[in-house]
Amino acid sequence: MLGTTLHPMLRSLIISILPLLGLSSSTLGQSKEKFTTIDSGIFLGKISGVTAKEFNEEIRYDSLFGFNNLTDSKYLIEIRFFEISNLALNFCTTLYYDSEFKLTRRNNNVRQYDTSKFRVIEYQPLANMNADSIFSKLVQNSIFSYQPSNYWDDKPKVLTSKGIVNDTKLCGQTDGSWYQIDIKVGNNYKRIITRSDRQFLSKCYPDNSDFKKEASFISLLETRPLIKTK
């Protein structure tokens, strides 16, 4: 960090001129991905979506996790990442802006299991996740303007001994999990639906940016739970 690696004399000199620049000494050592105030401007990238009325016509998981409709949220920015699997528990990780970016997580008990014998392990515990860093990476992957392309309108090609032919290989591995990402940014709403095979597909079809972006969304927000014996 800048504030801990500078020579003391150089640090003192910089601190002495910071007021002339309208800054304070607390600026030194701050992470570049820490958004401390909305006044400085938080980059969102391009935004696309539908109205609240259109968004509410689609299927939702909100009530299963005890949420009100996303369109009723008081936050300017809120992203709900619903994780639906074959396990006894489903999860929803929420990233939202309330003077700073914050993360919460809820679960939905799909079926009962013996809690005295089994426990749920979260491979991405909420305490280990950094809301600012996650938001920055989501923006880098254009989450607020993301729209799947028409990649599958025509088959990808491969060069073989028989010439250039359609790529017919079977690719992808999934554990049955799939994800719904509900997004509110201002008065714009968006829903992204994807599956757990995106990481594998992004390697099979490296020219498809959709798979790379969806794999990134998943890796940033998913819980990856596992029920194990105690």
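This is a predicted model: local features need pLDDT of at least 70, side-chain atom pairs count only at pLDDT 80 or more; totals for chains, interfaces and linings use all residues.
Residues are numbered from 1 along each chain as its sequence is written. Local features need pLDDT of at least 70 and side-chain atom pairs pLDDT 80 or more, whereas totals for chains, interfaces and linings use all residues, and side-chain values use heavy atoms, without hydrogens or water.

Me: Why are β7 and β8 called paired strands?
Reply: Strands are DSSP runs of E of at least two residues, numbered from the N terminus. Two of them pair if DSSP finds at least two bridges between them. β7 (residues 178-185) and β8 have 8 bridges in the antiparallel sense, so they count as paired. In one of these, Y179 is bridged to T194 of β8.

Me: What makes β3 and β8 the edges of the sheet?
Reply: The open sheet runs β3-β2-β1-β7-β8, with antiparallel pairing. β3 (101-109) and β8 (188-195) each have a single partner strand, so one side of each lacks a neighbour in the sheet.

Me: How do you know that α4 packs on the sheet?
Reply: Contact means heavy atoms within 4.5 Å. Helix α4 (residues 131-140; helices are DSSP runs of H or I of at least four residues) touches β1 (77-84), β2 (89-97) and β3, so it packs there.

Me: Which element gives the most to the lining of the largest pocket?
Reply: β8 does, with 5 residues. The lining holds 20 residues, with R191 and I192 among those nearest the centre.

Definitions and conventions
Axes are lines fitted to C-alpha atoms, for helices over the stretch in contact, and angles run from 0 to 180 degrees between N-to-C directions. On a 1 Å grid over the protein atoms alone, a cavity is a set of points where a 1.4 Å probe fits but cannot get out, and a pocket is an open set with protein on both sides within 12 Å along at least five of seven lines; lining residues have an atom within 4 Å of a point.
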